[in-house]
Amino acid sequence: MASAPITKRMKGEATCAICLQLMSEPMSISCGHSYCTLCIISFLENLGHAEPSPNMFPCPHCRASFQLSSLRSKQLGSLIEAIKEMEHEMSCEEHGEHLHLFCEDESQLICWCCERSPRHKGHHTALIEDVSQDYKEKLQNAVTNLKQLEEECMKRKVFTTKQISEWNEKIEIQKQKIQSDFKNLQSFLLEEEKSYLWRLEKEREQTLRRLREATLEQKNQERKSHILELEEKCQGSPQKLLQDVKDTLRRSWAVTLEIPEAHSLEPHTVCSVSELYFDVKKMLRSYQVSVTLDPDTAHHELILSEDRRQVTRGYLQDNLKNSSKRFSVLPCILGCEGFTSGRHYFEVDMGEGTGWDLGVCLDSVQRDIGVIQKPQSGFWAIRLCKKKGYVALTSPLTSLYLREQSLVVGIFLDCDIGVVSFYNMIPGSHIFTFPKTSSSDTVRPYFWVYQHSPLFLPPPDE
């Protein structure tokens with residue numbers, strides 16, 4: 001709502017100087033003053049021909065001369081309507097009088113008639129001009145207080161925004177950890193699922209084969225042939241019925257039912273998923289085997305401990321006996337143990353070593369040339385090197401991203417389904433699994449030893 005001075009000025013602009021009312025159909029003249037159309041016409045008619053010039057007329061307000069042709073319609077309609085609406089709003093709806101008073105008890109604008117009515121009798125009232133400044137100061141104080149609250153709110157908002165950011169960051173870190181842990185677990189469980197399903201399928205095929213053999217299809221056809229022969233005799237003439245009847249009866253009574261050997265229909269392949277889920281390390285170590293190093297395969301630079309569980313790379317040794325099994329080009333060594341079937345698991349402790357190759361290989365791999373380690377050459381291994389970090393020796397190489405440094409690697413081999421998997425045993429997380437492969441050749445543990453990076457094979461009970 002416009003203030004009183006502004007409203008008064010607007011009303012002055014829209015008031016006709018002749019009738020002193022808000023203008024109706026305003027007309028303006030060349031001097032700038034405006035009047036109601038009827039008022040200015042009546043004024044000009046009353047002048048008649050009293051003026052010196054019949055074409056010139058004085059302005060009723062400032063007496064400046066103007067021509068009749070200079071009259072122009074003034075666009076004050078919207079302003080006048082707005083003033084009328086404001087006057088209506090500032091007038092008492094009950095009495096039509098101006099609202100000059102303010103009732104403190106009712107906190108309401110009232111007119112002089114309202115003040116004398118029973119409703120406001122005894123109330124504290126005052127002129128609007130007398131109380132408006134006091135309330136203006138109170139409103140300004142309220143604005144100041146609200147601005148202070150707004151400033152405090154902004155500070156709290158900045159602080160809360162920072163807290164939200166920190167909280168989201170912590171949640172994101174925890175989310176990534178959970179996702180990583182479940183991804184590792186899913187990879188492990190997927191390989192376990194494949195293994196158990198493969199075993200179950202093999203068991204199903206073997207049992208079905210035995211059950212089909214037990215149906216005695218040939219004997220069943222023999223019984224059907226006898227039944228058909230007897231039915232034909234019964235339906236034929238007496239002569240045909242009695243022809244060789246005793247021999248026919250003897251042969252039919254000689255047919256017996258051989259009861260096959262009963263087979264168990266309870267699957268032997270069972271899996272406790274809950275045990276797999278809650279303790280991956282325990283499950284892996286249930287297949288752990290003792291692995292020792294084969295000195296006959298060791299490169300001339302490799303030095304073995306007495307118990308053949310630790311290997312270090314040093315200088316060329318001339319006192320080693322000749323062996324066709326020995327690696328003559330690559331600084332590699334194999335485990336003594338060979339695997340052709342079943343599931344096997346062993347661990348390798350690398351300590352603080354900065355480089356190594358670990359895995360398994362075929363017993364038939366070439367050892368007198370610098371062969372590239374990859375599955376196509378009979379190698380299934382992973383590597384740590386300074387240049388590329390952790391990689392799987394696929395073709396091409398597969399980069400591996402370990403959340404924690406791998407100090408102990410577990411190698412799991414399932415010969416029956418051709419799976420080789422690697423695990424970081426400190427956190428118990430999955431590292432990599434080579435795609436399924438099949439080979440009837442013997443598979444042996446394989447190690448490439450780097451300078452200043454000895455490898456140790458802990459016994460199963462550790």
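Two strands are said to pair if DSSP finds at least two bridges between them. The close-up views below apply this criterion to a predicted model.

**View 1. Strands E17 and E18 are joined as an antiparallel pair.**
Six bridges connect E17 to E18. Within this pair, Val409 stands opposite Asn424 of E18. The two strands form a hairpin with four residues between them, and there Gly418 takes a positive phi near 70°. Strand E17 covers residues 408-414, and strand E18 covers residues 419-424.

**View 2. Strand E18 also pairs with strand E19, again in the antiparallel sense.**
Four bridges link E18 to E19, the latter comprising residues 429-433. Asn424, the residue that stands opposite Val409, also stands opposite Ser429 in E19. The hairpin of E18 and E19 has four residues between the strands. In this hairpin a positive phi near 75° is found at Gly428.

**View 3. Both faces of strand E18 are covered.**
On one side of E18 lie Val419, Ser421 and Tyr423, and on the other lie Val420, Phe422 and Asn424; all are buried. Because six of the six residues of E18 are buried, the strand is largely enclosed by the rest of the structure.

**View 4. The largest cavity holds about 140 Å³ of space.**
The model contains three cavities of 30 Å³ or more. The lining of the largest cavity is made up of 15 residues, and those nearest its centre are Leu413, Cys415, Gly418, Ser439 and Val443. Strands E17 and E18 are the elements that give two or more residues to this lining. By class, the lining of the largest cavity comprises eight nonpolar, five polar and two charged residues. Gly418, listed among the residues nearest the cavity centre, is also the residue with positive phi in the hairpin of E17 and E18.

**View 5. Strands E7, E6 and E8 form an open sheet.**
The three strands are arranged in the order E7-E6-E8, with antiparallel pairing. Strand E7 (108-110) and strand E8 (125-127) stand at the edges with a single partner strand each, so one side of each is left without a neighbour in the sheet. From one strand to the next, the twist averages 35°. Strand E6 (residues 101-103) is joined to E7 by three bridges, and Cys103 stands opposite Gln108 in E7.

**View 6. Ser107 has a positive phi in the loop between E6 and E7.**
Phi of Ser107 is near 50°, although this residue is not a glycine. With a relative accessibility of 55%, Ser107 counts as exposed.

A disulfide is a covalent bond between the sulfur atoms of two cysteines. The cysteine sulfur closest to that of Cys111 belongs to Cys114 and is 3.5 Å away, too far for a bond; the cut-off for a disulfide is a sulfur pair within 2.5 Å. Cys111 is buried, its relative accessible area being 0%. Cys336, by contrast, counts as partly exposed at 32% relative accessibility.

**View 7. Strands E9 and E10 form an antiparallel hairpin.**
Strand E9 (residues 302-304) and strand E10 (residues 310-313) pair over three bridges. Ile303 has Thr312 of E10 as its bridge partner. Five residues lie between the two strands, and Arg308 in the turn has a positive phi of about 60°.

**View 8. Strand E10 pairs with strand E21 in the antiparallel sense.**
Two bridges join E10 and E21, with Val311 standing opposite Leu455 in E21.

**View 9. His452 lies in the loop between strand E20 (443-449) and strand E21 (455-456).**
His452 is not a glycine, yet its phi is positive, at about 60°. At 74% relative accessibility, His452 counts as exposed.

**View 10. A cis peptide bond joins Ser395 and Pro396.**
Omega of this bond is about 0°. Pro396 is located in the loop between strand E15 (389-392) and strand E16 (398-399).

How values were computed:
Residues are numbered from 1 along each chain as its sequence is written. This is a predicted model: local features need pLDDT of at least 70, side-chain atom pairs count only at pLDDT 80 or more; totals for chains, interfaces and linings use all residues. Side-chain values use heavy atoms; hydrogens and water are left out. On a 1 Å grid over the protein atoms alone, a cavity is a set of points where a 1.4 Å probe fits but cannot get out, and a pocket is an open set with protein on both sides within 12 Å along at least five of seven lines; lining residues have an atom within 4 Å of a point. Grid points are joined across faces, edges and corners, and a volume is the space filled by probe spheres set on the points. Ala, Val, Leu, Ile, Met, Phe, Trp, Tyr, Cys and Pro count as nonpolar, Asp, Glu, Lys and Arg as charged, and the others, Gly among them, as polar. Axes are lines fitted to C-alpha atoms, for helices over the stretch in contact, and angles run from 0 to 180 degrees between N-to-C directions. Buried means under 20% relative accessible area, exposed over 50%, partly exposed in between (1.4 Å probe, protein chains only).
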